Amino acid sequence: MTFDLTKLGWKAFQDLATVVAAETLKRPVQTFLGSNDGGFLGLGPVTTVSRSS
């Protein structure tokens, strides 16, 4: 079964991400913005790591 997550609105996606995070981490997860944050991750600079195979 597949789901097109681009069809979800920002609120539904945020709610889904919160539930997935809580289930994965087995801990309560709290959201801080009740509005569209424009994709802000709340993280510092993101770096990528290359993995050689």
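This section describes the fold, surface and local contacts of a predicted model.

The protein chain contains one helix and zero strands. The helix, H1, covers residues 10–25. Its length was checked against its residue count. With 16 residues at 1.5 Å a residue, H1 should span 22 Å.

Of its 53 residues, 4% count as buried. The accessible surface of the protein chain is about 5300 Å². Carbon and sulfur atoms account for 60% of that surface. A nonpolar patch lies on the surface. The patch is formed by Met-1, Phe-3, Leu-5, Leu-8, Phe-13, Leu-16 and Val-20. Together these residues have about 760 Å² of accessible area. Leu-5, one of the patch residues, sits in the segment before H1. Leu-5 has a relative accessibility of 43%, so it counts as partly exposed.

Charged side chains were examined next. The count of salt bridges comes to one. The pair is Lys-11 and Asp-15, with the closest N and O atoms 2.9 Å apart. That distance falls within the 4 Å cut-off for a salt bridge. Both residues belong to helix H1 and are four residues apart, which means that about one helical turn separates them. Lys-11 is partly exposed at 41% relative accessibility. Asp-15 is also partly exposed, at 36%.

Ala-17 lies in helix H1. Its relative accessible area is 37%, so Ala-17 counts as partly exposed. Thr-18 also lies in helix H1. At 16% relative accessibility, however, Thr-18 counts as buried. This value is below the 20% limit for a buried residue.

Thr-18 makes contacts of two kinds. Its side chain reaches the backbone oxygen of Gln-14 at 2.8 Å. Beyond its neighbours within four places in sequence, Thr-18 is in contact with Val-29 and Thr-31. Thr-31 was also compared with Ala-17. These two residues are 14 residues apart in sequence. In space, the distance between Ala-17 and Thr-31 is 9.9 Å, C-alpha to C-alpha.

The end of the helix shows a backbone feature at Lys-26. This residue follows H1 and is placed in the segment after the helix. Lys-26 has a positive phi of about 55°, although it is not a glycine. Most residues other than glycine have a negative phi. The side chain of Lys-26 reaches back to the backbone oxygen of Glu-23, at 3.2 Å. Lys-26 has a relative accessibility of 67% and therefore counts as exposed. This value is over the 50% limit for that class.

In summary, the predicted model has one helix and zero strands. One salt bridge is counted, between Lys-11 and Asp-15. Thr-18 is buried and contacts Val-29 and Thr-31. Lys-26 is exposed and has a positive phi.

Definitions and conventions: Residues numbered from 1 in each chain as written. Predicted model: local features only at pLDDT ≥ 70, side-chain atom pairs only at ≥ 80, totals over all residues. Heavy atoms only, no water. Helix = DSSP H or I, 4+ residues; strand = E, 2+ residues; numbered from the N terminus. Buried < 20%, exposed > 50% of the residue type's maximum accessible area, 1.4 Å probe, protein only. Expected span 1.5 Å × (residues − 1). Areas by Shrake-Rupley, 256 points an atom, 1.4 Å probe, with all protein chains shown as cover. Patch = residues over 30% accessible without salt bridge, like charges linked within 9 Å, V, L, I, M, F, W, Y side chains within 5 Å. Polar contact = N/O pair within 3.5 Å; in protein donor to acceptor, adjacent residues only side chain to side chain. Contact = heavy atoms within 4.5 Å.
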